[in-house]
Amino acid sequence: MGKPKVVINRVLKLSNNVGNPAALKPIVVSKLASVELQLENVTIPLEGKQRPRLPILVVDEVTRLFDTNAIVTYILETGKLQLDPKLLNLMNFDAHRLSPAILAYLSEKGDADFGVTKELTSALSEIEKKINPYGFLSEERVPKYEDAIIWSTVYPLLASNDKLGSKFPKLMEWFTNTCRYTAFAEALATVKPLSGKEGAKTIFVCNPAAVISTFCERFARAEVSSTVKTEIMEEQSGTVVSTEEVAAARQAWKGLIPHSAVKGKRSGQILPLTGQKNYLVTSALPYVNNVPHLGNIIGCVLSADVFARYCRVRGRNILYVCGTDEYGTATETKALEEGLTPQQICDKYHALHSEIYKWFDIGFDYFGRTTTKEQTQIGQEIFMRLHQNEYLKEMTVLQLFCEPCKRFLSDRFVEGTCPSCGYEDARGDQCDKCSRLTNSTDLKNPRCKVCGSGQVITKNSEQVFLDLPALEQKERLAEWLEKASEQWTPNARHIAKSWMKEGLKERCITRDLKWGTPVPLEKFKDKVFYVWFDAPIGYISMTANYTSNWKQWWINSSKDVEIEYYQFMAKDNVPFHSILFPASLKGTKEPWTLVRHLIATEYLNYEDGKFSKSRGVGVFGTDVMETGIPADIWRFYLIYVRPESQDSAFSWDDFMTKNNSELLNNLGNFVNRSLTFLEKFFHSEVPTIVMSEDDYRVVAEVNREIVEHVNLLELCKLRDALRQILAISKIGNVYFQSQKPWTLTKNAADRQRCGTVCGVGAQIVFLLMTLLDPFMPGVARAIREQLNVSKPIFSLTLLPFLPPGHKIGKVSPLFQKLDSDLMEKLRKKYAGNQAERKEKEAKKPKSPSKSSASVSVASVDTVNSNDAPNSTGGVAADPAEVAKLEADIAKQGTLVRDLKAKKADKAEIDKEVQALLKLKFQLGLLSGNETPITDSKSKKRSSKKK
Amino acid sequence: MGATGKLDDVEIMKRLLKYFGLTDSLNLVNLSKGTTMKDVRLKAGDLQGFNYILIELVNTKGLGLNLSGRSAEQRALVHQWLQYNILHLTDKTSITEYVLKEMDSYLVPCTFFAGHNLTLADPVIYLSLYPVFMDMSFQEKEKYPNLSRWFRLIQEDSELRGKNKKVPFASVPLYNTTNLFH
């Protein structure tokens, strides 16, 4: 009765590479135990650092057995046989002593190594002693499991008629006899193992760990031949240089040392020159209203700065221009809140930005603003030319109009009932509840967010549109994009091409605002330029503020002047820089300089997540200045985690680790050691250098890294380029470790060698100083002081930059350790959630908004869409306070509406509106939500992002 | 534990025996000064080598926790990894990137070294790898995502961790994420 139990016998398969004798053990044992084990030959690729383990028995997904003794225990258990201590001991003997000794002996020069031979001899004699009177290792008259284990391991040695075999006749006899027994003979026929060094090679190719561990054993016995040691070290560091490279290094070393290419302070202005490449570098303009945070800084100004400084070290003719983007709604509303004029707000925040970038040592040639007359002039001129060339269209759009306010409302100023889900506080462009995108005109019961009024109607409004489709066709945009984007970062290329593929549509370039560049057409004189049309023109107008000869950079039809224009930005700015701006310029039919290298980064996240306004997570320029950690360290880490091919994250722990391991232990350690040797052993003078072959090899290694570094830097792969520098200082450290100048200095006979080693070390320090200059200018300066030199010298090879006898300056450590306590403190201060903040706030005396700079709820995040950064001053969400404020707001709102309805005195209305805005603002602070006034969630207005 | 060199095997072995509930059996093992995991012996009988001794003690004690493996497959894996520990992990200088990558690759389908439940192998390897992990940067830890995942799990056991610090791991990848999916 009942179903018969179906037992499925898995067929055990042993995979092995052809000829590998290690497979003998499992096969023999399986035959002795009457357990079926099939052999499967596999071919393996010969390249690749990680090798697959073979032979291997894969029983199931999680059970992969590559340890042959473990396979033996498995087979025995499957065959219901016991593992007795004698067998176990033998397996350990095999794994710990016999097998390593045999493999070491059969490796390339193993048989010539005395220590190895000695060890193997010892192991073999121990085995010989275990042979029982019947001539086997088992307790019986026939070879069994004990024999199988040892026989398999010694097979490659004894089957090759190695001379060592003659020392162990008894063992040889046992071996020959055993081969004849069925299980063993059959195994030989199945596996067809190779023997001798060939056999050993088949083992090594699938089990280098075996090699490494055996060699490590040998190191312990300190009888290792130096060739083996270098093989291992080279395998692990991967820096084997070719003889050609060494020869090239030697030749360069003996050649002329160039002068520094760095130009001195110029009296005039930087203008393009003929006969050489000229570099124009711009970084996306930071929006003035926000305090920049780390993501903004690495994405834009810092990246551009590294590249700009690199150009300067190379003596290139380069101009680095940037500035604050100041027009737009957010500034307008902030001005209202703070009771200042927009211009005053911009003045205030522009100074803050300047301060922060100065602290970061950003070397702009000019840092300007968009609120200049040049901006208006140039912007309007471009607009008019587009108009003349018929690339502008006037179109009517349906927009919401607030009657009390008498203004058209853009998405950020509208709230209403979502047409899809009925949520009552849907925003103008998107519903928070159901996330659907809306048009503000589709909202039911729309309300004006400025005054709270429901008297919002839809009205036709005429706006000016840029006719992108026409531009695309007539100015052959796609053709230009195809060619130009080859030099862009892949993400930028991808984004631009996707936009084009979607099909370009007319884009509205005017807005109903007051604070902006006025539209130069009579009909539209009350409107201003849309920020994304206006802002990139800032690059041009700022150059115009810098020099009256700005046209030489921007509209230059001369064939003799070549301008390589590099633009740096975060990826959300790409569409505007890759299509909108070039299209606008092309539409004027003037020979504008267009971008050649668009370098876009991905997003920098913060610790475990994104910047979040509701949680108040983020680290800002002002915060960074307060930490007490020097700017160069921040520069270093931000570049180290620069989000190039994908998003990356800022982590306090990682920041600390990188500082301590890379800066302190690697770079700082090398520089400090090197200069201290000169100070202590050579009276602070660079000694005479007499180069040996080994030294040239090190130079060749360094040269390889330099070339790679420069290649990466030209592609603006700053992250990787930085790592190259660290690789060079690592080479320096390894060089010292192997040469041990601290020991050489003790003997008079080694004096010259000591001098050479320390001298070469000093040259590497000089090189590092030059390479570090774009990344950490302060540190480079410090090294120059310690080296007592004035300028970096760019060179693609390591040279004896410092002549013998050159006196260096005072030596001191470059970096400090960051300890985890400090990191914990900082992490708590700039992260955490509301509960933590509440605690903190309770402890601190409450100060009304710390400094309006750090209170930036009203600002728009530029790196992460939708989230606005919150103040570090903290938010305490006391429900009672919130309720009170909400009541006050309601009251004030009613008051305002009444005044407006009564058509009261304008000044009075304005005063009450201001009060209302202030209350709403405070509510926003308290509840951690953005204020309704500056709804940064509005995607349209997030066009302010820079 | 210093940055280089051998761990004190005797201390490790004592700690492990205690951790596995084998304190009573400490006196069965010859743990005189200088004993290594390879040459340690049981006082009675011939058995040598910590890998087999540990299994033997756990089995005879009959703790019923299947620490030496629940199935023939698991038992074989326990053998394999205890041996791996002795061969490659007791000397810190031999824990190379190659070895770590190898271990990482074998952990891809497994929660623990012997499959999906804790066995003798895991705590033993934890103690061997702890000094290495303590020195690793976040970037290096990300090179071995499965091993790091396993380490992060195993170190949660405070009894095993003892005075060791918790090695920090980033919960979002900070560096190249392409090797997450081997």
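Reply: Happy to; we can go from chain A as a whole to its helices and strands, and then to chain B.

Me: Great. What kind of model is this, and how is it numbered?
Reply: This is a predicted model, in which local features need pLDDT of at least 70, side-chain atom pairs count only at pLDDT 80 or more, and totals for chains, interfaces and linings use all residues. Residues are numbered from 1 along each chain as its sequence is written, while chains are lettered from A and ligands numbered from 1 in the order in which they are written.

Me: How many helices and strands are there in chain A?
Reply: Chain A has 34 helices and 20 strands. Both are DSSP runs numbered from the N terminus, with helices being H or I over at least four residues and strands being E over at least two.

Me: And what share of chain A counts as buried?
Reply: Of its 946 residues, 50% count as buried. Buried means that 20 or more other C-beta atoms lie within 10 Å of the residue's own; 12 or fewer is exposed, in between is partly exposed, and C-beta atoms are placed from the backbone.

Me: Switching to helices: how do α15 and α20 of chain A pack?
Reply: Helix α15 (residues 373-388) of chain A packs against helix α20 (residues 537-546) of chain A at an angle of about 130°, and their axes are 9 Å apart. The axes are lines fitted to C-alpha atoms, for helices over the stretch in contact, and angles run from 0 to 180 degrees between N-to-C directions. The two helices, α15(A) and α20(A), are therefore oblique to each other. Under 35 degrees would be roughly parallel, over 145 roughly antiparallel, and 65 to 115 roughly perpendicular, with the rest oblique.

Me: Which residues make that contact?
Reply: From α15(A) they are A:E374, A:Q375, A:I378, A:G379 and A:I382, and from α20(A) they are A:I537, A:G538, A:I540, A:S541, A:A544 and A:N545.

Me: Nice. Now strands: which way do β5 and β17 of chain A run?
Reply: Strand β5 (residues 277-283) of chain A and strand β17 (residues 562-570) of chain A run parallel, joined by seven bridges. Strands pair if DSSP finds at least two bridges between them. A:Y279 stands opposite A:E564 in β17(A).

Me: What else does β17(A) join?
Reply: Five bridges link β17(A) to strand β18 (residues 597-601) of chain A, again running parallel. There, A:Y566 is opposite A:H597 in β18(A).

Me: Over to chain B: how many residues does each chain give to the contact?
Reply: Chain B gives 39 residues and chain A gives 40 residues. On the side of chain B that touches chain A, the largest share, eleven residues, comes from α3(B).

Me: Last one: is B:K141 buried or exposed?
Reply: B:K141 is buried, with 23 other C-beta atoms within 10 Å. B:K141 lies in helix α6 (residues 138-143) of chain B. Beyond its neighbours within four places in sequence, B:K141 is in contact with B:M136, B:S148 and B:F169. B:K141 and B:F169 are 28 residues apart in sequence and 7.7 Å apart in space, C-alpha to C-alpha.

Terms used:
Two residues are in contact if their C-beta atoms, placed from the backbone, lie within 7 Å.
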